[in-house]
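Here is a short report on how two chains meet. Look at the sequence and structure first, then read on.

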Amino acid sequence: MRFSDSIFPQRFQITHQDLEAYLGEALSRGGDYADLYFEYLATSSISIDESMVKSASQGVSVGVGVRVISGERTGYAYSGDLAPEKIRKAARLAACIASGPGRTDKVDLNEGRLHNLYPVLTAPTETAFSERVELVKRADRAARAYSPQIFQVQATYADNLRQVMVATSEGVLTLDRQPLARLSVSALARRNAGAPQRGHAGGGGRVELSFFLDQKPPEHFATEAAREAIAMLDAVEAPAGESIVVLGPGWPGILLHEAVGHGLEADFNRKGVSAFSGRIGQKVASELCTVIDDGTLGGRRGSLNVDDEGHPTQRNVLIENGVLRGYLRDKLSSQLARADSTGNGRRESYAHIPMPRMTNTFMLAGESDPGDIIRSVPKGLYCANFGGGQVDITSGNFVFSASESYLIEDGKLTRPVRNATLIGNGPEALKYVSMVGSDLRLDEGVGVCGKEGQSVPVGVGIPTIRIDRMTVGGTA
Amino acid sequence: MSQNHLLELAQDVVRRALEAGSTDAECTVAEGDEFSANVRMRDLENLKEAGSRAAGLRILIGHKTGSAYTSDLSAEGIEKLVRSAVELADITTEDPHAGLPAPDELGSLPGDLGLYVPGIEALETGMKIDWAKRAEEAALSADPRISNSEGASFDTHTGRHIFANSRGFAGEYRTSYCSLAVSPVAREGDSMERDYWYTMARRLEDLEQPEEVGRTAARRALRRLNAVKVETQKVPVVFEPRTARSLLDNIFEAAHGTAIYRHESFLDGTLGEKVASEKVTVVDDATLPGLFGTSPFDDEGVPSRRTVVIEKGVLKSYLLNTYAARKLGMKTTGNASRGLAGNAGIGHGNFFLEQGVQTPEQIVASISNGFYVTELLGFGVNIVTGDYSRGAAGLWIRNGELAFAVSEVTIAGNLKDMLLGIETVGADLAFRGSVAAPTLKIGEMTVAGR
């Protein structure tokens, strides 16, 4: 996108000269670096519950964040008002982090390079509501039609269009238009008067609305949610203690996000507070494991043409054949490490300071047949789907909670088991990976990652893998 | 903008919504200012300062609803806000239960609830940095094994909340608070652990002293060092107040009116029944002066109140907004809660478990072999079934004493059994937020480890 086509000059009359002046103000007390992050965010959401569309909302928020870096220090101020005097005030506040003579070198802005990973002509947010509301109605009908045992269905469709402009004191000006859409379905099943069980499914990405008509229609997610709810009606107690665990492909890749991803974010490593600090070049996983973080996958939820500091995203190898290769860096950590940014500087909104974050994190496919992996296990647990996870990056301990899993007995999936949390230690857990399947799958596009109070959309992926030892938090 | 201006703005938005064809309307305006100073390893790391405001509108046309929000409060922005909300009523469904509270249910608690203390916004930046430095220094100098830190921060926040509806309600209140937090890292050999401690108050004078916050955080990090994974077993489990709080979060989700009318809570259909041990009384009270869950009215303009949710183990009330109450044939409990967009949800005021008589030391002393939980990880709680399985860390209790650190284990059970199995309630209830619990001992849970 060209500057002149963007909403910021068009609706808010912001010029190159204005941006250069604001950056000058930000560096008026010294400082090594300054940037401006302009954001215009339009969101909408539609929900169905009890077969009634009970809620529909839309809205707009606009703002700018000004950041000044001085050594390891960051000054940050933002304004929800793009009036010139408000932006100048924010720039002056952010400038206070530095305490030296002002910089006099003038910033000359030029448009930076970026990918074109989501060539979406009309963002879902820009389509007619009459089309979007059909998605939740179809999901509701399909989940109920799946089985008379389904007695409650909720579906939410949400989308947003984020228009951003980043201007840096290094003279780079980047503009991006970032569409995002997601459909989520939750179904409750009950047999006779027994206790209910819930199933979930959802997906989306940086896509056009037609994605939900041609590729992943509402019926796909609805029947998946209904199937999971019904499968769980027969669930028995989960085992407690160490076990062989097989993870199915796709969303179970959240293991990587928690076990290694967060621990490799450069801010934690710069400060020496991660269990992975100082371990580059060491073996932290079995040689079957190669783990990638890639922000350049077309249309994916975790992908970005440029990160939220205006740096193009890229493919980063985190673990290669079991050996730790690299960290995820943002501007500040790359400046302090005298290395390049890896395109992982992200933030929730203009009101937040960027930090190193994941994009799409996954393990490369191996050579094992997924069926053989299950057949190889005399007694263990097969996890098909998960809820959320969390990690304590300092001790390295992480958890992720299975929402659909089955006992493996004599190489066969037998009974479904109740929800259980799995726990492991980041630098140790992947050493027990003994088989990696050929069936790498990325998740459907629902992930939200939280760090220090900031939420950003992410993706994960994994092939079927066998882990010889992991603690399963059941009761049996 | 003056404070009356924002109240008038909200009333004006409601008026415009009615002019545009709405039969009812409710408008929320929120304004906030935040400041944050972070230090790390004795040096200033971040300063952040800003303010923001935005408005949200929900309208009804008959029993159809629509909602919109904006951060653009100009005349043009407000006009678009109204148009956006009204437009959406076209795609929603006629819902006979949708609507505003009855006029006689509206109102606001009188008097000063102590939510706003002037002076918070006037605190000097240098003083805030100094408090954060003092807290971190106290942690770093507490023990040579505290050799690193994730830093300390001093934060202040002031806000204003305005609500008006087409049934004649218009109200507003201001809030302020300050907080101080520190996260030291302890290291010994290959073992590295972090923990944190914080203090939060409406008034600076009510914060714990920085040195006390730092020393507490250091003590918490140090006692986690050299943790081991224990063998899988069923034992009594003690939740310290910080982790016991999360059980209150679970009770809140299960007593939540929406979860009840959807039949997606393990407490569904148990009103009047024994759902917890007789030692358990759980109260929601948004009227307690100065506390973090206090407000004069809820987010539908209904006065805040005290609701006993569980009394001596018996479930007495769900927590309801107007919509959930109508679905269940009940009356709202004044628990409506909303952001700027969408229908009102359900929130809590000060939600707490009434304290008992035993000290935490007495509770630990009563156990020969058990687990004292100081940290919980993950989201392994299923409110539909009550199934509970979370990552945990803490200290092992051996012969009535905290003997050694434990980590990389899970604790599991079912919330129904866990609530009935609460054997002892501690005497150490303290509010560090809007949800609070004293130390709790549960008779038996499964600890999964080696």
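The contact draws 74 residues from chain A and 73 residues from chain B, contact meaning heavy atoms within 4.5 Å. This is a predicted model, in which local features need pLDDT of at least 70, side-chain atom pairs count only at pLDDT 80 or more, and totals for chains, interfaces and linings use all residues. Residues are numbered from 1 along each chain as its sequence is written, chains are lettered from A and ligands numbered from 1 in the order written, and side-chain values use heavy atoms, without hydrogens and water.

| Item | Value |
|---|---|
| Buried area, chain B and chain A | about 5800 Å² |
| Salt bridges, chain B and chain A | 9 salt bridges |
| Polar contacts, chain B and chain A | 41 residue pairs (both at pLDDT 80 or more) |

Buried area is the accessible area (1.4 Å probe) that two parts lose on being put together, summed over both. Carbon and sulfur atoms carry 50% of it. B:Tyr69, B:Ile91 and B:Leu377 supply 11% of the area that chain B buries against chain A, more than any other three residues.

A salt bridge puts a side-chain nitrogen of Lys or Arg within 4 Å of a carboxyl oxygen of Asp or Glu. A:Glu50 forms one with B:Lys327, with the closest N and O atoms 2.5 Å apart. Strand E2 (residues 43-61) of chain B gives the most to the side of chain B that touches chain A: 10 residues. Strands (E, at least two residues) are DSSP runs, numbered from the N terminus.

A polar contact is a pair of N or O atoms within 3.5 Å; within protein, one must be able to donate a hydrogen and the other to accept it, and residues adjacent in sequence count only if both atoms are side-chain atoms.

How values were computed: Helix = DSSP H or I, 4+ residues; strand = E, 2+ residues; numbered from the N terminus.
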